[in-house]
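Keep the viewer open as you read.

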Amino acid sequence: MLQPVRLPLASADLSLFQNAVAAYVATGSAISSSTFKPTAPLLPLRRVPDLRTHCHDPSLQGIVLGREDAVEETGSPGHPAVLRVTPLPDGRMRCISKWLQVGYLGLVFCKSVMDPRLGSYSKLNTWRPCCMFRVSVGTPQASNYLNLGKTYAIKQRSFGSAATDIPRNPAFSKLNADDISYFRTILDERNVVEDEDRLSAANVDWMRKYQGSSKLLLLPKSSQEVSKILHHCNSRKLAVVPQGGNTGLVGGSVPVHDEVIINLALMDKIVSLDKINGILVCEAGCILENLSLFLENEGFIMPLDLGAKGSCQIGGNISTNAGGLRFLRYGSLHGTILGLEVVLANGTILDMLGTLRKDNTGYDLKHLFIGSEGSLGIVTKVSVLTPPKLMSTNLAFLACKDFTSCQKLLLEAKRALGEVLSAFEFMDSHSMDLVLSHLDGVRTPLPSSLYNFYILIETTGSDETYDKTKLEAFLLRSMEEGLILDGVVAQDINQSSSFWRIREGISEASIKVGAVYKYDLSLPIDQFYGIVEEMRNRLGEVAKVIGYGHLGDGNLHLNIMTARYDSDILAQIEPYVYEWTSKHKGSISAEHGLGLMKANKIHYSKSPETVQLMVDIKKLLDPNRILNPYKVLPQSCFN
């Protein structure tokens, strides 16, 4: 685990640096070699390729001081090298610099935010300090961060199932110059990407758990361009991996080997909105949050809401059948997606982009592609039924003494709140303690003493007075019956946001502890918390085990945190977690999909006959198996 430490600098150097920081804060002046010169001699510049993707890479050595507009200073001895470090929506830092100046203290300023899908930048109005860090020379495994003032946190590695070394399918061809030349004839030159920096970002998932070695990133702007790409790749047997916002947790959106990456980020147009029926038609590359903002201005909302909404794309949401916070109220995407346009492996554009609520003419093929993780076809357009935006929203943050009380509270909430109940979220005390300890600015809305369990109940309706009265009556009755020990109702949007910040911040906080083994399980409500207690007993003091999730629909997020990744600990976790889940009639993947992480675990949730039928469908729609290979289904099924 990487721990913040104070730099072993001479006091004069430290003082100079602090003065330079103060000067920046006061005047906005650049910090450069003219304002800060360490007394220690400088070492030559050296190229560190991995630096361009993540500033916490263990191969880093040295210290950096720079501002992103000081481009001309990179090669000059005695001047700071430029390191471009930008905060992403999920709190990580990404670096795209080519050089590292060894010997400088690291404070980096930026005036742009990188779009991780494209490697491009959105300008900010002011300079902001992005990162302070140091990686000790000669100790490549010990990255040290400077603990001076407030900095952005850098997430540590996250671990789940160990990625099995899967051999490359010898039936796949290798990308060559003729292929690239062809792609340049059908796409704009700038959308055929071979740049190492941008490929580095596209080749790795956001947790840095899975990393491929693709040499080509393609950015089509239309379904026709996707069709031409796939037709060529299928004829050449070039494997491809469809990619959206790359926010998945199971390795489904990054290459395993050298697959061509097809990212739909440029296909982000809203085609139409039926303002009478609330039916939205858009391209698959639309960011979920952008769709939500657009719809809210029109008096509607997306039926889907996720913590990664600022980065994830609707096409990826559909391909993984994402669940999220509104599932209890609006259900699965299988119910809200009215139609799809999908490009098959051979380039055929399958037009199923209907906008009708009822269409009972033959097989409803769109359901094959919802949740197929890009293994059967690439979703390019979407038709989605969006609910009207209701004006009355209430949110209660509650404490319960035991899990039995949480179960009873859910049953009573469904009975008493019925049509207005929109979310029922669950956290244990360990989750709460984690967030309060590791996220800046998060405060408990209840007294400081920790309770055993916490529940978030949200209602949405059309009559503010009626809805609030109904919720308050339910809460009073539940407290009298002993189901609730304490609670508070949000009085304004700021309090609501702070409540949700606690629940949505658990995943972010867990990354800061060290190695995290993440499991996304669907379980019967009466068995929901059993696996958490089992794993605590099984692992003892070597790990911190937390449980949280969507109790309203039976989706548990089991996180097991340790100081560092350890194969012996993983062996105690897997396959036990999957076996326990299967024994209790649960699913090993509630909403994250199977991807690469769980492809070989599908038999814990599906019968051999069911898996074989899936394999037959895959062979029918993608006989050359070029679409997202090695994912979803066990490779042994194709041998």
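Two strands pair if DSSP finds at least two bridges between them; helices (H or I, at least four residues) and strands (E, at least two) are themselves DSSP runs, numbered from the N terminus. This is a predicted model, in which local features need pLDDT of at least 70 and side-chain atom pairs count only at pLDDT 80 or more, while totals for chains, interfaces and linings use all residues. Residues are numbered from 1 along each chain as its sequence is written, and side-chain values use heavy atoms, with hydrogens and water left out.

Start with β27, which has a partner in β25: eight bridges join these two antiparallel strands. Across that pairing, Met561 of β27 has Val516 opposite. Strand β26 (residues 544-550) also runs antiparallel to β27, through seven bridges, and here Asn559 of β27 is the bridge partner of Ile546. Four residues lie between the strands in the hairpin of β26 and β27, where Gly554 takes a positive phi near 75°.

Now turn to helix α17 (residues 576-583), whose buried residues are Tyr576, Val577, Tyr578, Trp580 and Thr581. These pack (contact means heavy atoms within 4.5 Å) against β27 (555-562), β25 (515-522), α15 (530-539) and α16 (567-573). Just after α17, Lys585 has a positive phi of about 60°.

Key:
Buried means under 20% relative accessible area, exposed over 50%, partly exposed in between (1.4 Å probe, protein chains only).
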